Structures are given as C-alpha cells and as structure tokens.
Amino acid sequence: MKTHFHWGLRLLHWLMALSILTTLFVGIAMVTSPSARLWLYQIHKPLGILILVLVVVRLIVRLQTGAPALPKDMPAAAAFFAKASHVGFYALMFAMPLIGWATLSAGGYPITLGGGLQLPPLLAKSDSWYAILRPAHQYLAFLFFFMVLGHLTAALYHGLIRRDGVLDAMTGRGRQNSARFRNDQGKK
Ligand code: HEM
Ligand code: HEM
C-alpha cells in the first residue's frame, strides 16, 4: 500500500510552500511599504508566475501518482475537509497568479518579469475588470493565508499529537511507528 507521496510531489510541495509564503509576504510588504514597493514588485511577479508553472507540473504528477490513504481512524468529516482543502489549494495556486496577471492586463500595465521577459496581456484594458480583479486578488490572498495557517495547524496536529503518519507521508520520513502503518500491517 502507498505510504508516501511521490518524491517529485514532495519536492514540489515544499518548494511551492516556500515560494507561496514568500509571494504572500512580498505582496503584503509591497502594498504596505511604498519606498520598497517597486523592487518588491519585481520579485512578486516572476515568483507568482513561477508558481503557475510549477502547479501545472504538480497537478500532472499528482494525477499520475495519486496520494496515500488517510488513516482509517480519522473521522469522515475531517477526511472530507482535508481533501476539500487540498482541492481549494490547487484552485488558488492556479487562480492567484492568473488573477494577478489579469489585473495588470486590465490596468493596461506591461507584465514584465525581468531579464527582458514580458508576458502578453490576458485581457484588454478595462477599468471595470480592473475594479473587480484587483480586490479579488487581495481577498483571495487573505483566504490563501488563512488556509495555510489551518493546514499548518492540521499538519502539526497529525505529526506531533496523533502521530498517525500523515506528516511523514509528505516529509518522506519512515512511518514504522505510525498508527496508519500498523493498521496497514493489520497489527494494531
Ligand atoms: C500565488 C501567487 C500570488 C500570490 C500568493 C500573491 C499575493 C499577493 C498579495 C498578498 C498581495 C497584496 C494584496 C493587498 O493587500 O492588496 C498582492 C498584490 C498584487 N499582486 Fe499578487 N500574488 C500572486 C501572484 C501575482 C502575479 C503572478 C502577479 C502579476 C503578474 C501579481 C500581481 C499583483 C498586483 C498587481 C498586486 C496589487 C499591488 C497593489 O495593490 O498595488 N500577483 N499579491
Ligand atoms: C503555502 C503553503 C502550503 C500549501 C499551498 C500546501 C498545499 C498542500 C496540498 C495541495 C496538499 C495535498 C497534496 C497534493 O495533492 O499535492 C498538501 C499536503 C500536505 N501538506 Fe501542505 N501545503 C503548504 C504548506 C505545508 C506546511 C508548512 C506543512 C507542514 C508543516 C504541510 C504539510 C502537509 C502534509 C503533512 C500533507 C499531507 C496531507 C495528507 O496526507 O492528506 N504543508 N499540502
């Protein structure tokens, strides 16, 4: 039985967690510190687009390799909530960069990524779209942030309190002492 996420998925999970947290904090710093705004912005855009590229690869690997089962003794509601939040994360990992890109397009700004790279606009200049997309990017960023906090809490609860192998499935550590592993062996 599958006990761990595919190594490629684990690598992408941690690489993307780091990139997403950085992009979120750079985004907040960008709008709160006017003096550093321009150079933070030059980090925010390429990092956000990198997340978009990585999530495409990640979704393909995820669909090809699947996920280990959750512990048998986990309440059905918690398992449903965990799966729904993962779908929500994938949706946000696609939506956030696309909405950021679309915001700049609607505002008529060039989407420069540094090193002479420039993306084409996703839609024509439009004040009404700009007025929708910019706050959408902001509110979804807050939702993303709170979901990450909930996810982190759940991961630590599994890893430190329940010790059921859920955290090990993503860190790659052996799960000899996990309740789930014992269940799988039918020894519990
Ligand atoms: C996962 C990827 C991304 C995350 C998590 C993210 C997060 C954020 C956050 C937290 C803010 C500050 C929101 C506020 O308080 O107003 C922000 C603002 C912004 N982001 Fe992103 N962003 C991402 C990708 C992108 C991309 C790819 C672009 C453009 C190519 C972009 C363009 C912008 C713009 C134009 C703003 C508004 C700045 C302003 O209000 O002056 N973002 N983003
Ligand atoms: C921006 C930050 C993060 C995002 C967007 C994120 C997203 C995800 C997603 C989408 C999954 C489902 C696996 C997949 O299908 O790819 C997942 C699983 C997991 N994540 Fe994260 N993650 C983040 C940070 C973290 C952190 C900081 C930890 C732990 C300290 C963590 C621990 C886990 C664990 C243990 C699983 C496996 C859950 C299971 O077996 O159902 N994640 N994460």
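In this predicted model, five helices contribute to the shell around ligand 2: helix 1 (7-32), helix 2, helix 3 (76-107), helix 4 and helix 5 (166-171). Each of these helices supplies at least two residues of that shell. The space taken by ligand 2 is the largest pocket. Ligand 2 has 18 residues around it. Those that come nearest are His-13, Arg-62, His-86, Tyr-90 and His-151.

Polar side-chain atoms approach ligand 2 at several points. An N or O atom in the side chain of Arg-62 is 2.6 Å from an oxygen atom of ligand 2. For Tyr-90, a polar side-chain atom lies 2.7 Å from an oxygen atom of the ligand.

Ligand 1 contains an iron atom, which is coordinated by two histidines. These are His-44 and His-137, each through NE2, at 2.0 Å. His-44 lies in helix 2 (residues 37-65), and His-137 lies in helix 4 (residues 127-162), so the pair ties together parts that are 93 residues apart in sequence. Around the iron atom of ligand 1 there are 6 donor atoms. The angles they subtend run from 86 to 180 degrees, which makes the arrangement octahedral. His-44 has a relative accessibility of 14% and therefore counts as buried, the limit being under 20%.

Terms used. Residues numbered from 1 in each chain as written. Chains lettered and ligands numbered in written order. Predicted model: local features only at pLDDT ≥ 70, side-chain atom pairs only at ≥ 80, totals over all residues. Heavy atoms only, no water. Donors = N, O, S within 2.8 Å, 3.2 Å for Na, K, Ca; no water. Tetrahedral: all angles 85-135°; square planar, octahedral: opposite > 155°, others 65-115°. Helix = DSSP H or I, 4+ residues; strand = E, 2+ residues; numbered from the N terminus. Buried < 20%, exposed > 50% of the residue type's maximum accessible area, 1.4 Å probe, protein only. Near = heavy atom within 4 Å. Polar contact = N/O pair within 3.5 Å; in protein donor to acceptor, adjacent residues only side chain to side chain. 1 Å grid on protein atoms, 1.4 Å probe; cavity = no way out; pocket = protein on both sides within 12 Å on 5 of 7 lines; lining within 4 Å. Sits in = over half its atoms within 2 Å of the grid points.
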